[in-house]
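The following paragraphs lead the reader through selected elements of the fold shown here. Please keep the sequence and the model in view while reading.

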Amino acid sequence: MDERLGRRAFLGAAGGGAALLAGCTGSRAPRSADPTAAATPAWWRAQSHGPGQHALKPLPYATDALVLPEAKLRGISAQTVAWHHDRHQAGYVKALNGIELDVEQLSTIAPDSADETFGDLKRRETFNASGVVLHEIYWDRLTPGGAPRSADMNVVGKLAADFGSFERWREEFVGTAGTPSNGWAILALTPHDRRLHNYACSMHELGGVWGAAPLLALDVWEHAYYHDYGPDRAAYIESWFRLVNWPAVEAAFLAAARSL
Ligand SMILES: [Fe+2]
């Protein structure tokens with residue numbers, strides 16, 4: 001690539017993703033009315049976008065939909081959901097977009113000990129990108145009132161097989177989330193050993209395992225529960241479990257398992 005060209009200019013000069021793919025495979029992109037149609041899969045055309053164009057994914061329910069009627073297990077308040085989604089998650093999206101544009105517009109990339117600008121941008125990019133991904137999973141695996149698991153779910157059977165029992169998995173997951181230094185507890189299917197694992201992330205990007213597919217993500221940053229539960233993180237975790245959408249976890253597990 002001509003180093004004087006920015007990334008976007010390069011994509012434009014090269015004819016977009018199709019030409020980029022053709023360059024990867026050593027073949028020339030076929031001519032057609034839509035030059036990307038023959039060379040790129042449908043999911044790429046539908047979901048891929050340029051730098052700085054991430055959007056805040058809307059909540060799949062109203063902000064007051066995660067309130068539970070019980071006095072002790074009272075779910076997640078509308079105020080917490082609104083702050084969490086509209087302020088915190090939106091902040092990660094905005095920051096990620098800004099960082100991507102900043103990186104794109106750097107005239108030179110020459111990291112050294114005297115100039116941490118580029119290194120700092122890349123560190124903050126991974127932090128905010130991971131924050132966006134994890135928060136989307138967090139909301140998507142919850143549903144108003146919760147949706148129960150059933151014994152015939154593949155993910156339930158795999159949890160029992162990998163942890164000894166569902167209850168043992170739950171105990172380990174709760175312990176992971178309850179450890180004060182952890183910011184997330186994440187159930188993931190890891191292709192390396194084809195097993196389910198509970199991983200602990202301190203920051204969004206610290207603690208992930210490459211290739212592992214996150215199926216369930218429990219946010220235990222204080223912004224997720226302090227307004228509703230104060231320091232009683234355990235009560236929040238128990239309440240959160242009541243809201244889990246197990247059919248959605250099953251769907252995520254099946255999708256991940258098919259890719260193994
Ligand atoms: Fe959060």
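Two strands pair if DSSP finds at least two bridges between them. Helices (H or I, at least four residues) and strands (E, at least two) are DSSP runs, numbered from the N terminus. This is a predicted model, in which local features need pLDDT of at least 70 and side-chain atom pairs count only at pLDDT 80 or more, while totals for chains, interfaces and linings use all residues. Residue numbers start from 1 along each chain as its sequence is written.

In the hairpin of β1 and β2, four residues lie between the strands, and arginine 194 takes a positive phi near 55 degrees. Strands β1 (residues 184-190) and β2 (residues 195-201) run antiparallel and are joined by seven bridges. Tryptophan 184 has cysteine 201 in β2 as its bridge partner.

Turning to the helices, axes are lines fitted to C-alpha atoms, over the stretch in contact, and angles run from 0 to 180 degrees between N-to-C directions. Helix α6 (residues 154-163) packs on helix α10 (residues 246-258) at an angle of about 75 degrees, their axes being 8 Å apart. That makes α6 roughly perpendicular to α10 (angles of 65 to 115 degrees count as such). Asn154, Val155 and Lys158 of α6 meet Val249, Glu250, Phe253 and Leu254 of α10, contact requiring C-beta atoms, placed from the backbone, within 7 Å.

Helices α4 (residues 78-105) and α5 (residues 117-140) pack at an angle of about 145 degrees, with axes 8 Å apart. The α4 contact residues include Tyr92, Leu96 and Ile99, and those of α5 include Leu121, Ala129 and Val132.

Technical notes:
Angles under 35 degrees count as roughly parallel, over 145 as roughly antiparallel, 65 to 115 as roughly perpendicular and the rest as oblique. Two residues are in contact if their C-beta atoms, placed from the backbone, lie within 7 Å.
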